[in-house]
Amino acid sequence: LIEHSKCLVFATERVLNSLQGLIKAGGFAEIYRSEVEFKLHLKEIIDGVAFLHTNAKMAHLNICPENIYVTEQNKWKISGLNFAISVAGENKEKSVFKENDAILKEFPAIFQPNPSYSPPEVFDSSNKLSICSDIFSLGMLMLTILSNLEEKASKEALFVCSSISKHKDELTAYIAQLETFSFFQKLNPNLKFILSRMLNLNQSSWPIFQEVSSCLWL
């Protein structure tokens, strides 16, 4: 780009939709019929988040369908970095989202991460935010995508948070039921195993990105 004293130029890429837009429109399974295609797209997201963690030293903290864009070449790319934080060195930042904040009540989708894809520490200041938080969100995203790959999307596998104050309790109850969902029972054993680790509420059980990527092809 040409440097200019009075102008700042941004080069952007045209996108066709977000994953959330495709899911809402229906027919998601018709677009992505192949399991191999799904895994290749998921690898694009895993590689993108891994780059944020390793090279940019940042945690995304809002990985969800509306922040995954689909380009004209049918590539999946990460967007929505408005809640990203630096994790270089000792990061002491805590969650700051409070349900009684007036701005959050009026514009929740703008001023807080999507609670249906967030781990407990995003809204619970007792745990520090870190790059590991993105592992959990990626697991929730994978569940949504996998459920919508079926001809009739399985609604039982989708978690919807009703409020920030109930987030941790509702999420705990949902995770406890995961093994009973017919949708989850149909998954490949290796995929079930890695998802169970990613969605474990104990952070020490979360896998690293290399393990998630490798498990996709077992």
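1. A quick definition before we start: a helix crossing is left-handed if the near helix is turned anticlockwise from the far one by less than a right angle, and right-handed if clockwise. By that rule, α6 and α9 make a left-handed crossing. Helices here are DSSP runs (H or I, at least four residues), numbered from the N terminus.

2. Some housekeeping: this is a predicted model, where local features need pLDDT of at least 70 and side-chain atom pairs count only at pLDDT 80 or more, while totals for chains, interfaces and linings use all residues. Residues are numbered from 1 along each chain as its sequence is written, and side-chain values use heavy atoms, with hydrogens and water left out.

3. Back to that helix pair. Two packed helices are described by the angle between their axes and the distance between the axes. For α6 and α9 the angle is about 135° and the axes are 8 Å apart (axes are lines fitted to C-alpha atoms over the stretch in contact, and angles run from 0 to 180 degrees between N-to-C directions). The two are therefore oblique to each other (under 35 degrees counts as roughly parallel, over 145 as roughly antiparallel, 65 to 115 as roughly perpendicular, and the rest as oblique). Contact, meaning heavy atoms within 4.5 Å, involves Leu191, Leu195 and Met198 on the α9 side, and residues including Ile135, Phe136 and Leu146 on the α6 side.

4. Now α9 itself, residues 189-198: Leu191, Ile194, Leu195 and Met198 are buried (under 20% relative accessible area with a 1.4 Å probe, protein chains only; exposed is over 50%, partly exposed in between). They sit on the same side of α9, because they cover an arc of only 100° around the axis (taken from the directions from the helix axis to the C-beta atoms). Pro189 and Phe193 are exposed on the other side. The buried residues of α9 pack against α6, α8 and α10.

5. Have a look at α7 too, residues 167-177. Its buried residues are His167, Leu171, Tyr174 and Ile175. They fall within an arc of 95° seen down the axis, so they line one face of α7. Asp169 and Ala176 are exposed on the face turned away from that buried side. Part of the cover over the buried residues of α7 comes from α6.

6. Is Leu141 buried or exposed? Leu141 is buried, at a relative accessible area of 1%. Beyond its neighbours within four places in sequence, Leu141 is in contact with Ile63, Cys64, Pro65, Ile68 and Tyr117.
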